[in-house]
Amino acid sequence: MSVMTAPLPDTTLCNPADCGELFPIREVARLTGINPVTLRAWERRYGLIQPIRTESGHRLYSRTDIETVHRILDWIERGVAVSKVGKILARGDQQAETTAGAPAGAEYEWSQWQQQMRTAIAAFDDRQLDRLYGQIFSAYPVAVVFQDILMPLWQQLLRHQGLFGQTSEWLFFDGFLRSRTWKRLQIACASAAPRVLLAAVAGECRELELLVAGLLMSSDELAVKILSVGQPIDELTLICEKTKPQALVVFSNHSPTLDLSRRLERLALTLDCPLMLAGDASELAYDQLEGSTVGCLGNEGRLMQRRLQQFLRGGLDT
């Protein structure tokens, strides 16, 4: 891998953890599949990336910048216009800052767990992976395990599938997490707590994302029952009539279309229980759904559970 380092101007602010390894634009283009013209446009027009400049004016990118490019691609693939990605990234960074309230050194500990898991994944060692999984759960709350350790690693592996073997590694880890998360959900749903139904918009999230959302929404007060991926939205009224849930939550991680907002508003009129939208779509559809009977739960696990409980108690407006 070609790595280029150069003296930095005194005015350049750089995270010491990133300064050790800097990449020229041609290398970033190779690693991400985004051509240099587009990378420059994202910098100049939208301020999405801020590479370091050498004294001669050449751009140098850190590993954090490369990760940002992958995040931008994720949102574009979900149907979000590049002009809107900046606000989403900024909101995500603000949420990450709230994690700064975690104990000192927590992020370093999480990265160490992730590194150990990556080693087990690369060896396709399900026994070692299972041991690490158990150790992590014994050390942290469920929300921290999934939001700060497991899902970030899952997303990293999902993005980096360009080299031979990387797709197999992601599939191995994805299958492992789906089976373990499903078991935890079954235990959570075995209680006599009132039920909330959770359904995905077809094609707008992966199964693991839906399972994790359901687990993070669950509590001693509420059991979340997940409907199979591919469940038609138009038939949710029928299921709610039969099962009489306390609430119905629709989940999507794609940019919401105006048609989706209208479909949800029509669906809400046919239900005898509250209807809410969760996932990345709920953050993006907030303006479209403002004033409607459809509630927005957000896309962060702790926030989704809190908003869901507040909504059902009548303490949160749509």
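Guide: Start with the side chain of Glu43. It makes a polar contact with the side chain of Arg59, at 2.6 Å. A polar contact here is a pair of N or O atoms within 3.5 Å; within protein, one atom must be able to donate a hydrogen and the other to accept it, and residues adjacent in sequence count only if both atoms are side-chain atoms. The model is predicted, so local features need pLDDT of at least 70, side-chain atom pairs count only at pLDDT 80 or more, and totals for chains, interfaces and linings use all residues. Side-chain values use heavy atoms, with hydrogens and water left out, and residues are numbered from 1 along each chain as its sequence is written.

Glu43 sits in helix α3, residues 36-44. Helices (H or I, at least four residues) and strands (E, at least two) are DSSP runs, numbered from the N terminus. Glu43 counts as buried because its relative accessibility is 13%. The cut-offs are under 20% relative accessible area for buried, over 50% for exposed, and partly exposed in between (1.4 Å probe, protein chains only). Setting aside residues up to four places away in sequence, Glu43 touches Ile49, Gln50, Pro51, Arg53, Arg59 and Tyr61. Contact means heavy atoms within 4.5 Å.

Arg53 has Arg59 in β3 as its bridge partner. Strands β2 and β3 (residues 59-61) are joined by two bridges and run antiparallel. Two strands pair if DSSP finds at least two bridges between them. The sheet is open, has three strands in the order β1-β3-β2, and its pairing is antiparallel. Its edge strands are β1 (23-24) and β2 (52-53), each pairing on one side only.

Now a parallel pair. Strand β4 (residues 195-200) is joined to β5 (residues 223-226) by four bridges, and the two run parallel. Val196 stands opposite Val224 in β5. From β4 the chain passes through helix α10 (residues 207-217) to β5, a right-handed β-α-β crossover. Right-handed means that, with the strands pointing away from the viewer, the path from the first strand over the helix to the second runs clockwise.

Pro232 counts as partly exposed because its relative accessibility is 37%. Its C-alpha is 8.9 Å from that of Ala199, which is 33 residues away along the chain.

Next, a helix. α6 (residues 106-122) has 17 residues and spans 24 Å from first C-alpha to last, close to the 24 Å expected at 1.5 Å a residue. That expected span is 1.5 Å times one less than the number of residues. The buried residues of α6 are Ala106, Trp110, Trp113, Gln114, Met117, Ala120 and Ile121. They lie on the same side of α6, because they cover an arc of only 120° around the axis. The arc is that of the directions from the helix axis to the C-beta atoms. What covers these buried residues includes α7 (126-139), α8 (142-159) and α9 (166-189).

Phe124 follows α6, in the loop between α6 and α7. Its phi is near 50°, a positive value in a residue other than glycine. Most residues other than glycine have a negative phi. Phe124 counts as partly exposed, because its relative accessibility is 39%. Beyond its neighbours within four places in sequence, Phe124 contacts Ser168, Glu169 and Phe172. Phe124 and Phe172 are 48 residues apart in sequence, yet 7.1 Å apart C-alpha to C-alpha.

Lys244 also has a positive phi, about 50°, although it is not a glycine. It sits in the loop between α11 (236-243) and β6 (247-251). Lys244 is exposed, with a relative accessible area of 65%.

Last, the whole chain. The protein has 15 helices and eight strands. Buried residues make up 45% of its 318 residues. Among contacts with a separation of 6 or more, 66% are between residues 24 or more positions apart.
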